[in-house]
Amino acid sequence: MTLLDSRDLALIAAIVALGWVGIWLLLPHRHGGVKTARAYRVGALLSAIAVLLVLPYLTPPGDLLARLFFYSFSLLALLGAVLMITARNPVNSALWFAVVVLSSSGLFLLAGAQFLAAGTVIVYAGAIIVTFLFVIMLAQSHGQAIYDRSARRPLAASLTGMLLLGALISAIIAPGATRKDGDPAPIYSVGAIADQPPADGPIAAVTAQALTETSRLPRPLEQGETPAHVAGLGATLFTDHLLTVQVVGLLLFVALIGAVAIATPKAPIRPDRSTASSSPGSATTNPGGVS
Amino acid sequence: MAESLIRNVWLIPLLPLLGGLIAILGGRRLNGWNHIPVVAGIGLSFLLSAIILLGMEGAHETEAYSWIGIAPTSSAADPSSGPNGWSLVVPVEFRVDGLTIMMLTMVTFVAALVAVFAAGYMVGDPGYPRFFFVFGLFVFSMTGLVSSSNFLLTYAFWEGVGVCSYLLIGFWYAKPAAAEAAKKAFLVNRVGDFGFAIALFLLWTYAPNHDLSYANILTIETRDALANTELLFGQSALFWIVALLFWGATAKSAQIPLYVWLPDAMEGPTPVSALIHAATMVTAGVYLLARTSLLLAAEPALQMVVAVIGCATALLAALIALTQTDLKRVLAYSTVSQIGFMFMGIGAGVGHIAQFAIIGALFHLFTHAFFKALLFLGSGSVMHAMGGVIDMRRFSGLRHRMPYTCWTFAIGALALCGLPPFAGFWSKDEILASLKAAGHDEHVASGGVYTGIYWVATFTALLTAFYTGRAFFLTFFGPEKLPSPDDPEALGADDHHGAHASSDHAALGVDTPAPDSPELSRYEAAMGSHRPEVGSHAPGASATPHEPASHGHGHDDGHHGHDSHFGHESPPIMTVPLMVLAAGAVLVGILFGPPTHWFGHLIEETPSFELLGHGEHAFDWGTAVSGTLAGLIGLGLAALMYARRTEIPARISALVPPLAKASWNKFYVDEIYALLIVTPTRLVATACRYFDVYVVDGLVRLVAFVPRLIGGDALRPIQNGLIQSYAVMTAMGVALLLIVLMFVG
Amino acid sequence: MTDPSFPFEYLSNYLIIGAALMALGMLGFLSRRNLIVMFLSAEMMLQGVALTLVGFSRYHGNWTGQVFTIVMLTVAASEAALALALILVLFHRIRSLDVTLWQDLRETGLPESVDTSGAEPYEPVPGPESYPHLTPSGVEPPHPRQPWEQRRG
């Protein structure tokens, strides 16, 4: 794999550095003598610049409408992500997570995954409502908690996250990753392997056998043609991946049992306060019950 | 019917094993009836053996299962290419021929009776299920040993009986003497098994096709091939194989120099002594030598060694038995002595009387099993009645109290003395006759040696009669006396037991677990409902008030007054086997021996024996008369000296004090072994221990110490238990790895 | 057999957005101390991976990536069920959602690590101080002292 050129390197380094400082400032913790609101504003600015610096690496897709939707969904997703991890209030976090999910569902739609877009919204809507319930049930009785106002090691954590992002982006845009016509195809895609003429030898035979898939589209898509819809996905799920579906069902079942087993109260759930107030003088002890 | 049974001969070993498994898996749920499956299994095995015995013709081999199969390498697929085409094929293969079926019938018959006896004898023991499991396991191993059809399988079962012997000697493992006796037996047997194993390796290496089956090895061709292979010190492979097999046999069959474990093995329960250490297992060595007698016959020098060793063992053991006061030990030494006779018979298998001598030895093995089991069970009955006391100085004159035991014991004693028409006479006479014939055979190189052995053997027969008579008269004649704690002999009575630290152990008795062992109380709690039922079997018990809770302690000297069995005849479950065995001791000689030649014809059907020299041999009246005379003289002397209490024994021992003292101390063999072998071994072990503790362990500690020294304080804080710091490290690692890959890959 | 209407450049769009979501989710997981927010961050990492898979699915013109995504969705649902149950249990132990309180598995002899960065000052946001408490309707019955499990039978 060849190295990135200096422009890319500088850009990625800038993304990493700006993102690092920006998110460090955004994360909840004591910023010395600086006021929180001011630090927050600076951090938001730096983070926004970092997000914008990512844009050159995005290729504008298709027609204008597609571009519009793609860029807005992408920006919304990134924005929601940043706000989610920096929100002081877990309720806000959950809301921003909803934004992320919705915008990535939009991206799913743009990629022709209609079923997944709908399914994600449905599933995560339920998940977010449950999270909401939890937040209200567990966290909100005491006001804003101290652990929501202090991140753990914000400097190291944001450096790690941004380094990971930088490394991933470099890997994605590295020149070796793009295939030029006429190059001997490196093995980047399953389809590329399957397209190669069958070579001799047992390995090639096995590969050919393994790659013969029924889940491929019946023919290459014409320009402007949309890929097959939910019907194709359903057929694939219940033919090629039937076993997967079974296993996943089993997994859900086991997780259900596990959740019930874990969450079943083994000790009185009711906090000390209420018992003490309702029946004064009762000697019910609750280990670790001091909040 | 016999045909299908011969094909399914594996059932015979399997049934006792099944019984044993049921006994132990049933455990306490069987409520004290654990002996039933074992007795049933062994009894069925006996019936099957008897059916085969009656319907058998010639030899058969049956492969039940292919145990090990390693094909020869492809480069040497040709079997004639010699030792280069390594292969190992060990089928689990059973054979039925004269020798096997004789051993099978004898083992299962005696074992069934002993199991019945033990069902009465072991009542109240906390290890009742365990006992019968190991019992079944032993019968499985022993029957497998005699019926397996190749050397490796024989070896496996050979080790199996060794393990069972170990388990049963150490049955009361809480007693130090028993634990040490078990250890001793196991170690000594290991020394012998080593020889057997080496012999197997040699056989496998040099035998054609690497085939260890009897059908392949025990042929003239193989024997000649082995004899023509020079191995070591100018001797052929055959010589070394036979010598090593003999070495293995001396340990299992308790011959010089490896006999020392057998007398100590009497620490086990008496039925075990009767079955394993008198009747069956100890004869495995004789069986092995008889089985390989074809090979042995090609090495006259070794045959001479076998005869001499047998003779020396017989004489030494008889001399020791003269002065022992422990009834079981007298019988143990007598066993050693009698197996010495069998070895003499094997050793006398030279020239044209080879077949006759081997058959004589095997016949002695056969009859000896009956009367020695009888004697041991009789002594067990005495012991049962005396509350675990077995020292002959502490009781006497029991013939009125225990009539059945007394007279069956008398029959066994007469058989052991070799008086006609009892079983022992016929077999001993055959051995003596073959020794004499070997001495007079002009084809035999050193016939004089055999003549000498013949006379020593006759003298040993006299000694045998004497000590047997002494034991019998001391126990059953003289003034009636029962053991009591006031007896001046009680203290220090067991001084000659080196392992016994104090008389407390003697008071516990040889046959009881420690009364304070927690197992006992648990067992009593569980078995309480069963025990009165057992008590009702005993006629003596119903007369006296029975107190179930005291039974477990009954063998303790301090509780004699409460023991319903004390000083009375044993219950029928114990006396009936005695009577059956007594009938056997009288009859097997006449029915199967020289008068009918039935036994001889049976054994001749063994394939390899047909290849031995078998000249005609007439009944030798001279030997018969001299042997009988020796027995009579010995018995008469014993009656003279011990039937009434006289001063003669004391005076005689005062006459030759060194000899009497040496005999009393078992000729100091144990002490010599301790000095020559145990002490150096201990020294080496101590050195090894220090090496292990200070050098090996030190190295390990050093290896553990260095990283702590280097990275302890630097790396420990990383393990701070916080999930997020672990996650930071993981993620940072992934990021750095990606970056490095981009610049390197 | 790639889809000509979805070239590699479009794929790399999805990959970059997915990578960004994943990295930001990781960042949140590493830095936030609230168990619920950590859980949400983990879910967001899954979203990033799902985006990547959908992009690959379209790029290769087959359904395998989407099937993977469906599997991931169910795994995420299972994870959510278990994680929330665990959070519930943990909360009942110490009445707090703070993850740094759980460090019992550290090396023996190490002192408990205390976060020194400090919390930002509490700035009440305009609006209600907290969410309204639900008023129980009717009369609250007296609570027995024994837990229900012991009362049974």
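In the predicted model, four residue pairs, both members at pLDDT 80 or more, are in polar contact between chain C and chain B. On the side of chain C that touches chain B, helix H1 (residues 8-31) of chain C makes the greatest contribution, with four residues. Sorted by class, this side of chain C consists of eight nonpolar, six polar and four charged residues. One salt bridge is found across the interface of chain C and chain B, and it joins Arg716(B) to Glu107(C), with 3.8 Å between the closest N and O atoms.

The contact as a whole draws on 18 residues from chain C and eleven residues from chain B, and about 1100 Å² is buried between the two chains, 64% of it on carbon and sulfur atoms. Of the area that chain C buries against chain B, 42% is supplied by Leu30(C), Glu107(C) and Leu110(C), more than by any other three residues.

Within chain B, Thr222(B) is a residue of helix H9 (residues 220-227). With a relative accessible area of 3%, Thr222(B) is classed as buried, because this value falls under the 20% cut-off. When residues up to four places away in sequence are not counted, Thr222(B) touches Pro208(B), Asn216(B) and Ile217(B). For one of these residues, Asn216(B), the backbone oxygen lies 2.6 Å from a polar atom of the side chain of Thr222(B).

How values were computed. Residues are numbered from 1 along each chain as its sequence is written. Chains are lettered from A and ligands numbered from 1 in the order in which they are written. This is a predicted model: local features need pLDDT of at least 70, side-chain atom pairs count only at pLDDT 80 or more; totals for chains, interfaces and linings use all residues. Side-chain values use heavy atoms; hydrogens and water are left out. Contact means heavy atoms within 4.5 Å. Buried area is the accessible area (1.4 Å probe) that two parts lose on being put together, summed over both. A salt bridge is a side-chain nitrogen of Lys or Arg within 4 Å of a carboxyl oxygen of Asp or Glu. A polar contact is a pair of N or O atoms within 3.5 Å; within protein, one must be able to donate a hydrogen and the other to accept it, and residues adjacent in sequence count only if both atoms are side-chain atoms. Helices (H or I, at least four residues) and strands (E, at least two) are DSSP runs, numbered from the N terminus. Ala, Val, Leu, Ile, Met, Phe, Trp, Tyr, Cys and Pro count as nonpolar, Asp, Glu, Lys and Arg as charged, and the others, Gly among them, as polar. Buried means under 20% relative accessible area, exposed over 50%, partly exposed in between (1.4 Å probe, protein chains only).
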